[in-house]
Amino acid sequence: MHLILYRPESLIISVVSLTHDERESWRHAFYHGPAFPTMSKILLGNIALKWLRQIRSSARKEIYDSFFVRGPPTEVIQALVPALSQNEGSKEDHNIFCLNIERILVLCLIENKGVCQIVEEFTFSNKQDDGILNPEKSTFISRVAQLLASIPDKATMGAASALTSSSFFKSVVSQLLVRAEEAAIESSADKDGNEQGVLSPVFLFVGQVLSRISRRGSTGVLVAELITMIRNHLQRCVASDRKTIIPDMVKHVSQSRFWFNVVEALRDQHSIERLTEEMLRQLASQHISDEEAYWILWTLFNQSIMHMTVMRAMFIDKFLLWKTFPLCCLRWILHYAVFEFPPNSVMETQIQKTSNFLVTLQTLVSIWSKKEFVQSYSVEQQAYITAAIGLCLENMSKRELEMTKDVLNCILQGVTCKLESPIDLVRKMASAVALTFSKIVDPKNPLYLDDDCSENVDWEFGVLSPKRIKAPSHDVELGSKSKPCSRENRRNAGEKKAKAIRHDISDNRVKIVEIKSLDSDEMSGAATNFEEHCDEESMDIDASSDSSLEPYDLSDDDTDLQKNFTHLSDLAAALRKPDDLDGVQRALSSAEKLVRASPDELRHNSGDLVQALVHVRCSDAAMEGEEESAEEKRQKALVALLVTNPFESLDVLTKLLYSSSVDISQRILVIDVMTEAAQELAETKIINKQQRYGNLISDTSPSWLVPSDSGPLGASPWREVSEPGSLLSWSHRYEREVPSRSGQVKSGKSRKWGLRKAKDLQVEGSKNKFPLYAAAFMLPVMQGYDKRRHGVDLLNRDFVVLGKLIYMLGVCMKCMAMHPEASALAPALLDMIRSREVSQHAEAYVRRSVLFAASCILIALHPSYVASTLIEGNQDISTGLEWIRTWALQIAEADPDTECTSMAMNCLRLHSEMVLQTSRSLESAEHSKAGTRALSSKLDNIIIPFANMM
């Protein structure tokens, strides 16, 4: 570099050549002093707006762009980034101004690796300061990091794709980590320097940038780059002749110095938690091995977890008790923070469990054992904590279990509590923990509470997969009729467990939970009898004969020996003989057919038969190949009784529901029978009454008077028809076809006034018989549900019965949708579900049933009826509907059960549809009654309380 001195007369005096130190001194004075910001404003403002577009690209690159490229990136950032927020005259000038700055930023930071230069600058400057990081320098580093991370936020809409958050931060993180690793290698090679002091500004800058990127919502981009580099680093740590990693291998690599301190350098606990959570999920999605994941966590967090208590609390408290991760992530967390040894380790069975492990297990089981755990935690969280307990138990010995305090009592208490839950997944969790616990106590005699349990427990439970974490489906949807479970599935469920809970799933129906009580002694005894029977038959077979290989057809003989029941009284008497097992089975097989035949004695014997069917003990010992079990036959017979003789049968069933002589399974049987009977009575069949071509002459006459056949020539005979639009008529209606008069025109120009064709005269009618019996189904069971009697406690202990009862009432409302009876019975049901003990019940199972019942009410009420109640000033329905909206909003916002929140959203959707239809009915009434003064005055004062949902 030459310094040229001249006078105003343009005469050169002398030329001086500067040394390297002098050039660097002049360069530092220019770029780090006030000259560079001043020149930058001129170049970015006047020059860029007026002259830059007229300069050739090559000249712009050599003269204009090089001014910024050759400058230190820290000063360039401080000069350019704040300028993006300035307003430059017109909109066009402002766009040109911003696009030029963004182009220079991409050129300096992305293309010329400006972030690497910043790390080099901080490293070099700290060496000159003897490794002392003073507060002024810390403030400067924080400002540069803040400006660097804010560039994507300040970029305009038309900025280059390199300045988008994902692309820009990916490049920044990549440069940052690569150059920081190199700085760690250089500092470790410099034996004379202070390694900690030299790297302190680098760690500060790295921590500031990474935490700000995480705070801006780009944690995924940051973690993706971080995982790639840390995996490459661990591959360098493994020797070629070794397959496993040991801590000494990692410590002896120079780059490890940086990775051991990078998390501690963040200093922002919120960013650390977000980074760790995202890292675990991305590692799970990449399906890496448990051992590699463990060493990634060990490399990044081992130093910080020893120095910072909050880091250990993050892994043990938040990641085990409050968060929900895939099962593989749970294994990694347990091995790193609780077991404190790598998975698949040779020392895994030899290492003595630490006090941290025992304390963590005690905390988990104490929370898991409480009844509130099932009530207040989501199903995913319950599965997650259950899996954590199971994995801990799998790594324990019997001696270690005996050393723990109260773990045994907590596990027994938790298993008992969860086995009482009506949710199948919750019971599976209890069975899995009980099986694992029994293997510790007595490995030779594992305890299988469910036949579906295998020797190796699947701790995912179907909801902790790496792809997605979702609650099990307990859909409560509304629409078509429920599809019953297949008979084969029902029989298999009865064979598997003594107390089976079956879920009937349909496309547009809530799950119906059926709890069946089966006697295990009868099941085992029947199975023994079956085996002995087979052995006796096999002894009678002649082995020497060729025909002995063919079985005898004994069906005719068996039919002759069996007595066919022809009277309901004999049927009830046979059901009351528990010692005659064959007679009970034959009575159950004949019950439904005989009842549906509707004999004359049905009305007088239905009550007695209902009691016999409810109290009979079904052995469920059906022969192999039989299509229906004894439990199904009993239930079908009871449904047939309710359908064929509703009032007398309901009178007995509703009394048995709250009777002390029945148990919980029989109460549930009663509710299930009433549910199925209501659906069968409501089987809707649409009847199309077709009208023939031609003019119709009709005559309405008393039932004893039939029109005479006299009439015009060619007239058809009279036909008796129902009243159009209704199946109920006080008189008979007769119609016949007559020929057209001469000159009569059959087709008109107007569709409204012309003669319609037969397809236009079709009338639809419904054969829904349920509304007639709806009050008998609903009103008796809604009385006394909240009273505590001997053996009956629906609000607390028997909440399963309460949930199924409310579900049955909802089905009843839906079965009489759009009928007047729905409007009459809806207020009573609303009063029941609005009570605090029901709507705010601690069990999610009950809240789901209440949401289903509320949705059924919204479907069943006719909008015109709601409109008429508003016009008349009746506040019962409007207040109830407003409560549904308010309560559903609360459930959707704050309920811990995922299924409840989704059902609440569906309930709000139905409510908004009801509001829309009601408002249309009100408008129609206002227009049709515009001349009525009383109606218009009432309409002026009507306020729809839920109209804000529209």
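**Close-up views of a predicted model**

Five cavities of 30 Å³ or more are counted in this predicted model.

**View A. The second largest cavity and its lining.** The volume of the second largest cavity is about 100 Å³. Its lining is made up of 15 residues, and Val374, Ile423, Glu843, Ala844 and Tyr845 are the closest to its centre. Helices H19, H20 and H37 (844-860) each give two or more residues to this lining. The largest share comes from H37, with three residues.

**View B. Helix H18 and its buried side.** Helix H18 spans residues 355-368, 14 residues in total. From first C-alpha to last, H18 reaches 20 Å, close to the 20 Å expected at 1.5 Å a residue. Asn356, Phe357, Thr360, Leu361, Leu364, Val365 and Trp368 of H18 are buried. These residues lie on the same side of H18 because they cover an arc of only 155° around the axis. An α-helix has 3.6 residues a turn, so residues three or four places apart point the same way. Ser355 and Val359, on the other side of H18, are exposed.

**View C. The cover over H18.** The buried residues of H18 are covered by elements that include helices H16 (309-322), H17 (327-339), H19 (371-376), H20 (379-394), H22 (407-419) and H23.

**View D. Thr436 in helix H23.** Thr436 is part of helix H23, which runs over residues 424-441. With a relative accessible area of 6%, Thr436 is buried. Its side chain reaches the backbone oxygen of Ala432 at 2.9 Å. Leaving aside residues up to four places away in sequence, Thr436 touches Gly390, Leu393, Glu394, Val457 and Trp459.

Note on methods: Residues are numbered from 1 along each chain as its sequence is written. This is a predicted model: local features need pLDDT of at least 70, side-chain atom pairs count only at pLDDT 80 or more; totals for chains, interfaces and linings use all residues. Side-chain values use heavy atoms; hydrogens and water are left out. Helices (H or I, at least four residues) and strands (E, at least two) are DSSP runs, numbered from the N terminus. Buried means under 20% relative accessible area, exposed over 50%, partly exposed in between (1.4 Å probe, protein chains only). A polar contact is a pair of N or O atoms within 3.5 Å; within protein, one must be able to donate a hydrogen and the other to accept it, and residues adjacent in sequence count only if both atoms are side-chain atoms. Contact means heavy atoms within 4.5 Å. The expected span of a helix is 1.5 Å times one less than its number of residues. The arc is that of the directions from the helix axis to the C-beta atoms. On a 1 Å grid over the protein atoms alone, a cavity is a set of points where a 1.4 Å probe fits but cannot get out, and a pocket is an open set with protein on both sides within 12 Å along at least five of seven lines; lining residues have an atom within 4 Å of a point. Grid points are joined across faces, edges and corners, and a volume is the space filled by probe spheres set on the points.
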